[in-house]
Amino acid sequence: MVLETWVSADKKVTTNVIESGRYSKKASECANCEVIIEKIQVTNASIEDLKEKYNSVILDGITKKSLVIGEANCEIDRLIERAIQMMNICEKREVTLDITEDADLVIKFEITLTNMLSYKPIWEWNPETKYSVALKYKETGVNLFKEHRWVDAFHKFSKACKILITLEPISDLELEKSLEHDINNLRLVLYNNMAGCQLKRKNYEYTISLCTKILSKESNNVKALYRRGVAYGNLNNVENAVADLRNAVSLEPGNRAAKEQFLIYDAKLQEANQKFQDMVRRMFKA
C-alpha cells in the first residue's frame, strides 16, 4: 500500500498516513486534542532524554495524551503540533522528526488523533480573546526565560506578538481605551522580551532592531536602551553603546547593570578618543 505522505516546508516533519480517519476540521490554535502515541524510536538519544534533556512533555513515555495546540514549549513538541494539525479525527500516522540541524536527533513514532475539540480560527477571535491568549503566552515565555531556555522563550513571545499583529491597525478597531492601552503595552513588552532572548543568544543585530522598534514608540524605555547599548557594545560600536547606556543610567540611576556597562564602554570610548588625539598630535608634529 502506498502511504499518503506530507513533508513540512523545512523538512523537519514527515508524516505517512497509516489509517485514514473521518474527514474533520483540522486542529488550529487553541484546539484541544487527544492523541495516542506509540512505537517511539529515537536516534542519538534515549526516550528519557526527550523529556529530561529536550523538555518534551508529549514524548514522555505516556501513551495517551491531552494537549492544546499552541501550548508546546520545546522544539520537539512544536513539531508534533504541526503534524497533528494535518490530521483528521481517528487518523493514524507515522511521524518522523528530523532536527539534526539543532540537536543531531531523529525521532520516529506513530500517533492517532482520537478526538479533537476545535477552536474557531484566529481571524474570528475578538480583540479580548487575542489579548488574553497573547498574555498567557507571554507569561509562559517569562517562565521559560527564567529557566534560561532562551530559544523556547523567544518562540513563545514571538507567537504572542504575531497574534497581536493581527489586530493592526488597532486605531481602526475603536476599542475601549483601557484595552487598547493594554494591547499596545503588551506589544512593547513582547518586543523587549524577544530582544532579551536575542541578546542572551548573542544575536546583536536582531537585538538592536527590536529595541529600536520599542524606542521609536517609547524613547525612555530603560530596558530597551540597556539591551541596545549592550548589543552595540558587543559589535564594537562604542559611541552608540555609551549614548544608550548613558540615557538608561540618567533615567534610572539605581540600575546597577546599566551603570556597570556604561562605565565599561565609557572608559573604552575615552581610551579610543585619547588614542585618536595622540595620533593627530603625532601627525602634526611630523
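**Figure 1. C90 in the predicted model is a partly exposed cysteine.** The relative accessible area of C90 is 36%. A search of the whole structure finds zero disulfides, and C90 is in none. Which cysteine sulfur is nearest to that of C90? It belongs to C33, and it is 13 Å away.

**Figure 2. Y119 and W125 form an aromatic pair.** The whole structure holds two aromatic pairs, and Y119 with W125 is one of them. The ring centres of Y119 and W125 are 5.6 Å apart. The angle between the planes is 90°. Planes over 60 degrees apart count as edge-to-face, so this pair has that label. How accessible are the two residues? Y119 is partly exposed, at 32% relative accessible area. W125 is buried, at 4%.

**Figure 3. F145 and W150 form an edge-to-face pair.** Here the centres of the F145 and W150 rings lie 4.9 Å apart. What is the angle between their planes? It is 65°. That angle is over 60 degrees, and therefore the pair counts as edge-to-face. F145 is partly exposed, with 22% relative accessibility. W150 has a relative accessible area of 18%. Buried means under 20%, so W150 is buried.

**Figure 4. K156 lies over the face of an aromatic ring.** Which ring is it? The ring belongs to Y137. K156 is placed at 4.8 Å from the centre of that ring.

**Figure 5. N255 sits in a loop between two helices.** Helix 9 (238–251) is on one side of this loop, and helix 10 (256–285) is on the other. What does the side chain of N255 reach? It reaches the backbone nitrogen of A257, at 3.3 Å. A polar contact needs N or O atoms within 3.5 Å, so the distance of 3.3 Å between N255 and A257 falls inside the limit. N255 is also buried, with a relative accessible area of 16%.

Note on methods. Residues numbered from 1 in each chain as written. Predicted model: local features only at pLDDT ≥ 70, side-chain atom pairs only at ≥ 80, totals over all residues. Heavy atoms only, no water. Phe/Tyr/Trp six-rings, centres within 6.5 Å; stacked < 30°, edge-to-face > 60°. Buried < 20%, exposed > 50% of the residue type's maximum accessible area, 1.4 Å probe, protein only. Lys NZ or Arg CZ within 6 Å of the ring centre and 35° of its normal. Helix = DSSP H or I, 4+ residues; strand = E, 2+ residues; numbered from the N terminus. Polar contact = N/O pair within 3.5 Å; in protein donor to acceptor, adjacent residues only side chain to side chain. Disulfide = S-S within 2.5 Å.
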